[in-house]
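Q: I have a structure open beside its sequence, and I would like to learn how to read it. Could you take me through it feature by feature?

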Amino acid sequence: MKLPEGFVSAMRDLLQEEAESFFASYDKPKTSGLRANGLKLSGEELAAISEYARTAVPWAEGAFYTEEDDRPGKHPHYHLGVYYIQEPSAMLPAELLGVEPGHRVLDLCAAPGGKSTQLAAKLQGKGVLVTNDNASERTKALAKNVELAGVRNTVVLNEEPAAIADHFGAWFDRVLVDAPCSGEGMFRKDEDMLRQYERLSADGYAAMQQDILQEAARLVAPGGRLVYSTCTFNARENEGTIAKFIAAFPEFEVVAPAFPESWGFAPGRPDWLIEDEKRGLSEERAASLAGAVRLWPHRVRGEGHFAVLLERRRSDSDAGAPQQVQQMRGLEAGERKSRKAAHNRVQISEADVLDKFEQFRADQLPHWHPPGKLLVRGTMLYAQPEPLPMLDGLHVIRPGWLLGTATKHRFEPSQALAMGLACGQAVRLLQLASDSSDSLRYLKGETLQPQSGAPEGKGWTLVCMGGFPAGWGRWDGTTLKNERLPGWRWV
Ligand SMILES: C[S@@+](CC[C@H](N)C(=O)[O-])C[C@H]1O[C@@H](n2cnc3c(N)ncnc32)[C@H](O)[C@@H]1O
């Protein structure tokens with residue numbers, strides 16, 4: 001692989017005697033992997049049903065390396081959200097964040113959603129995941145990936161970090177900043193990164209990262225944690241960015257996690273800071289950057305990555321609660337206004353949407369109740385996770401789990417609803433084996449006339465494969481009309 005000259009000489013300077021083994025790693029195949037979707041099954045359960053789940057990635061729950069000839073993206077399990085294809089080093093930041101069920105979690109630079117789906121699995125449907133990207137095109141993939149994974153407690157935003165910080169304040173227990181970067185660690189994985197290299201200098205990225213982090217700092221509750229990660233080796237974008245951050249925000253400190261030596265992780269390199277980056281930092285604070293983690297492709301089985309865990313110290317002045325309560329009150333009034341506006345725009349009233357949904361639920365999902373709070377937006381119905389401040393004024397892609405849409409005559413359940421259900425929750429169900437020809441035909445968008453296991457009655461039917469929901473169909477007694485979202489079809 002031909003590496004950019006500036007990159008080669010910079011890495012030689014930094015790595016010195018280690019440089020040759022580092023460059024030799026570029027002659028080896030890239031690493032790849034996948035992660036069991038913990039909302040649907042565990043790593044052990046995946047290993048029992050998937051030929052791709054053989055060798056575990058030691059630092060990530062339910063994760064496995066895949067081999068060069070594996071094609072996990074061409075298996076029905078991929079189209080059912082059973083696993084997420086993710087480079088193994090990229091699995092570390094979400095693990096480091098220490099998310100537990102019930103946490104309020106923000107993924108600030110989230111598209112296409114690899115780490116968001118990982119964080120959602122840690123939450124196990126309890127608490128809130130706010131997932132955001134400022135690139136509107138990329139939020140489409142983000143929304144699709146969280147829906148494919150069956151995430152039920154997320155809000156998808158397309159916002160600038162400053163707007164989110166103004167809106168939420170210090171509301172989150174956990175914040176992930178997986179920052180835009182020069183991508184030096186991804187040259188082996190993605191040749192586009194190599195082509196785009198130097199489009200923006202490391203200093204340009206560092207400035208962008210500092211801007212994002214400055215807003216992220218305002219979003220972390222006292223005692224909360226923040227992980228900053230990049231897929232670059234560049235010290236300006238890694239230790240340099242974090243040095244400036246902890247100098248500007250003394251309430252944050254680096255937390256140094258312990259890892260088994262056998263994983264091959266290397267410490268952060270405070271000795272690579274330049275003078276400008278050390279300004280305002282005590283020697284001790286600068287040295288704490290050794291608590292960051294560097295993943296080098298010649299030392300670990302993974303691509304290049306950097307991650308650091310920071311904690312916001314509590315202080316005596318952190319009353320915390322009053323500010324948050326005040327904000328929530330103000331926003332509730334805002335929501336009343338916007339609900340009224342939405343009501344005036346549409347033909348179907350909010351009550352009508354809720355009635356139609358209730359009829360659908362009683363008929364098809366009688367023992368299931370949506371989590372959180374029901375929210376009508378026009379003809380769309382969402383289950384919004386709680387607690388959550390009102391979202392007025394933000395550019396919201398999904399204000400919650402999209403349950404479906406009311407038409408004049410009925411409630412049409414969404415693809416997202418199907419993906420977040422368990423098969424046993426549906427009254428009308430078509431169960432297929434995941435390797436059957438009907439499964440493939442369904443995933444490709446075809447109409448089915450199943451030979452066996454025909455559902456009872458008529459109407460909306462949940463189609464499941466190997467015990468995992470795939471989408472809806474409409475059953476008329478002999479034929480199942482395919483209602484899997486057209487954009488999701490396996491082509
Ligand atoms: C490294 S990628 C994120 C990958 C993602 N975390 C994942 O695991 O799939 C960085 C993302 O940051 C987004 N981004 C860039 N500048 C941003 C900003 N100012 N605010 C929020 N997101 C930003 C980019 O659009 C890009 O999707």
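The dialogue below goes from the domains to the core, the ligand shell, the strands, a helix and a loop residue.

Q: What kind of model is this, and how are its residues numbered?

A: This is a predicted model, in which local features need pLDDT of at least 70, side-chain atom pairs count only at pLDDT 80 or more, and totals for chains, interfaces and linings use all residues. Residues are numbered from 1 along each chain as its sequence is written.

Q: Which domains does the chain have?

A: Domain bounds come from an automatic or database domain assignment. Here that assignment gives domain 1 (5-312), domain 2 (321-418) and domain 3 (422-488). The C-alpha centres of domain 1 and domain 3 lie 37 Å apart.

Q: How many residues of domain 1 and domain 3 are in contact?

A: Two residues are in contact if their C-beta atoms, placed from the backbone, lie within 7 Å. By that test, 6 residues of domain 1 meet 6 residues of domain 3. To sort residues by type, count Ala, Val, Leu, Ile, Met, Phe, Trp, Tyr, Cys and Pro as nonpolar, Asp, Glu, Lys and Arg as charged, and the others, Gly among them, as polar. On the side of domain 1 that touches domain 3, this gives 3 nonpolar, 2 polar and 1 charged.

Q: Where are the most contacts inside the largest nonpolar core?

A: In soluble globular proteins, nonpolar side chains tend to be buried together. A residue is buried if 20 or more other C-beta atoms lie within 10 Å of its own, exposed if 12 or fewer, and partly exposed in between, with C-beta atoms placed from the backbone. A nonpolar core is a set of buried Ala, Val, Leu, Ile, Met, Phe, Trp, Tyr and Cys residues joined through C-beta atoms within 7 Å. The largest one here has 126 residues, and Val175, Val177, Ala216 and Leu219 have the most contacts inside it. Its largest share, 8 residues, comes from helix H10 (residues 202-219). Helices (H or I, at least four residues) and strands (E, at least two) are DSSP runs, numbered from the N terminus.

Q: What does valine 175 touch?

A: Not counting residues up to four places away in sequence, valine 175 touches Leu106, Leu108, Ala216, Leu219, Val220 and Leu226.

Q: Which residues surround the ligand?

A: A residue is near a molecule or strand if its C-beta atom, placed from the backbone, lies within 6 Å of it. The ligand is surrounded by 17 residues, and the closest are Cys109, Gly114, Asn134, Ala135 and Asp178. That shell divides into 9 nonpolar, 3 polar and 5 charged residues.

Q: How many bridges pair strand S14 with S15?

A: Two strands pair if DSSP finds at least two bridges between them. Strand S14 (residues 373-377) pairs with S15 in the antiparallel sense over 5 bridges, and leucine 374 has alanine 383 in S15 as its bridge partner. Their hairpin has 2 residues between the strands, and glycine 378 takes a positive phi near 65°.

Q: Is S15 enclosed or open, and what else does S15 join?

A: Of the 5 residues of strand S15 (residues 380-384), 4 are buried, so S15 is largely enclosed by the rest of the structure. S15 also runs antiparallel to strand S17 (residues 401-406), joined by 4 bridges, with methionine 380 opposite threonine 405. S17 is mostly covered, as 5 of its 6 residues are buried. S17 in turn pairs antiparallel with strand S18 (residues 411-413) over 3 bridges, in a hairpin with 4 residues between them.

Q: What covers helix H11?

A: Helix H11 (residues 236-248) has 11 of its 13 residues buried. Their cover includes H10, strand S9 (220-230) and helix H13 (283-287).

Q: Why does arginine 269 count as partly exposed?

A: Arginine 269 has 17 C-beta neighbours inside 10 Å, so it counts as partly exposed. Arginine 269 is found in the loop between strand S11 (266-267) and H12. Leaving aside neighbours within four places in sequence, arginine 269 is in contact with Ala235 and Glu239.
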